[in-house]
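Trainee: I would like to go through this model step by step. Could we take it as questions and answers?

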Number of protein chains: 2
Amino acid sequence: MASVQPKPDRRMGPVGSDTWNAMLDGAEAVLRDEGHAALTSRRIAERIGVKQRLVYYYFATMDDLITELFRRLSERELERFRAARRSDRPLREIWDICIHTTDARLISEFIALANRIEELSAEVVHFIEESRRIQVDALEAALKRAPAANHASAAALAIVATSVALTLTREQKIGVDSGHDDVMALIEAFLARAEPS
Amino acid sequence: MASVQPKPDRRMGPVGSDTWNAMLDGAEAVLRDEGHAALTSRRIAERIGVKQRLVYYYFATMDDLITELFRRLSERELERFRAARRSDRPLREIWDICIHTTDARLISEFIALANRIEELSAEVVHFIEESRRIQVDALEAALKRAPAANHASAAALAIVATSVALTLTREQKIGVDSGHDDVMALIEAFLARAEPS
DNA sequence: GTCTATACACCGATAGAC
DNA sequence: GTCTATCGGTGTATAGAC
């Protein structure tokens, strides 16, 4: 699961060090605020106050840096999902992460980047499969306790929930909200049945 | 709805001409095959066999070209939706467009680009609102004829359907398919109730 | 670990001839 | 309508000193 280190014939900095993390912090901020077009080694260096050359001491290529950034981000998100799964209202807490914690802009940038970067695509696949596994697990447990809650399978419900959450956050960010209330009410009604509070 | 023409102090080519369309064809092919990073005036020119300078005769800026490309594409898609709406199985035909016609890669590239290009963002908003209007309209008519089909509103169903279609096509393209059968069965069951064949 | 300096490619956009 | 030629800028990535 950890990164695989060096491709280039070049001295490389330690993975996980403070500077390494600071660079990913800078990269994340740039991607969030300015988008993929501005995600360059120069801009990252400028952001954290070092020289551009140093970026290539810690990361073999820009694609590696981007992949590493997604990995760090997705591991944090998976940890949130796992914690929510262990709580006493797992469905509500997982939904809360999907609809509130998720940054629609960041996700859309990564999805587009994954079209081009194969390593990143593999990381995205891993994240989708693992997060779905957690969600299906939580849903199956809930449906067992409240069997009349729905006719759909846990797997189907997980896909519907994540899809809808992504659409709502994305549309909200660009200023579309028609039908959002209705679909939120639908989700709320399901949660009330499947996980009575 | 038509494009608004010139910003620059420069001679410009006719909107809608053969060369103009050929350039958008080239741009679409580049975006589909290589992604937004490769979508440059030089690459487009190379693709259709003209010189780079000519791209700036037909389009004021690259951002304009990209926006115009999305506009052309979305108008075609809306026309498909309208035709499906007029058919005798509107729900099934609209769903068929969502799940088959849509190019997941192209859409993700445009969404990422819209984060940066304001004109494009406005076009995306327009497309979402108009396509949703058509879908809600079709769903309302169907639910009127088969009231017991579902407890959810037409607006909620439209969002769920488009969200799920986008997720399925995107995941399929990167090689994830867990739960897809289940959710397709769910959609099929709904269609069987709301639009019996 | 961090720096200066730099090679080299490519980009958007324009001037102006034919 | 289409071209040649070019400017100014920015990108990735490397060599090698301190």
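Mentor: Chain B can be laid on chain A by a turn of 180° and a shift of 0.0 Å along the axis, with an RMSD of 0.1 Å. The copies are superposed by least squares on the C-alpha atoms of residues with pLDDT of at least 70 in both. The two copies are thus related as by a two-fold rotation axis. In chain B, the C-alpha nearest the axis lies 2.6 Å from it and belongs to B:Ser163.

Mentor: This is a predicted model, where local features need pLDDT of at least 70, side-chain atom pairs count only at pLDDT 80 or more, and totals for chains, interfaces and linings use all residues. Residues are numbered from 1 along each chain as its sequence is written, chains are lettered from A and ligands numbered from 1 in the order in which they are written, and side-chain values use heavy atoms, leaving out hydrogens and water.

Trainee: Which residues of helix 2 of chain B are buried?

Mentor: Helices are DSSP runs (H or I, at least four residues), numbered from the N terminus. Buried means under 20% relative accessible area, exposed over 50%, partly exposed in between (1.4 Å probe, protein chains only). In helix 2, residues 41–48, the buried ones are B:Ser41, B:Ile44 and B:Ala45.

Trainee: Why are they on the same side of helix 2 of chain B?

Mentor: Take the directions from the helix axis to the C-beta atoms; the arc is theirs. The buried residues B:Ser41, B:Ile44 and B:Ala45 share a side because they cover an arc of only 100°.

Trainee: Which exposed residues does the face turned away from the buried side of helix 2 of chain B carry?

Mentor: Look at the opposite face of that helix. The exposed residues there are B:Arg42 and B:Glu46.

Trainee: Which helix gives the largest share of the surface near DNA strand C?

Mentor: Near means that a heavy atom of the residue lies within 4 Å of the strand. In total, 19 residues surround DNA strand C, and B:Arg42 is one of the closest. Helix 2 and helix 3 of chain B each supply at least two residues of this surface. The largest share, four residues, comes from helix 3 of chain A.
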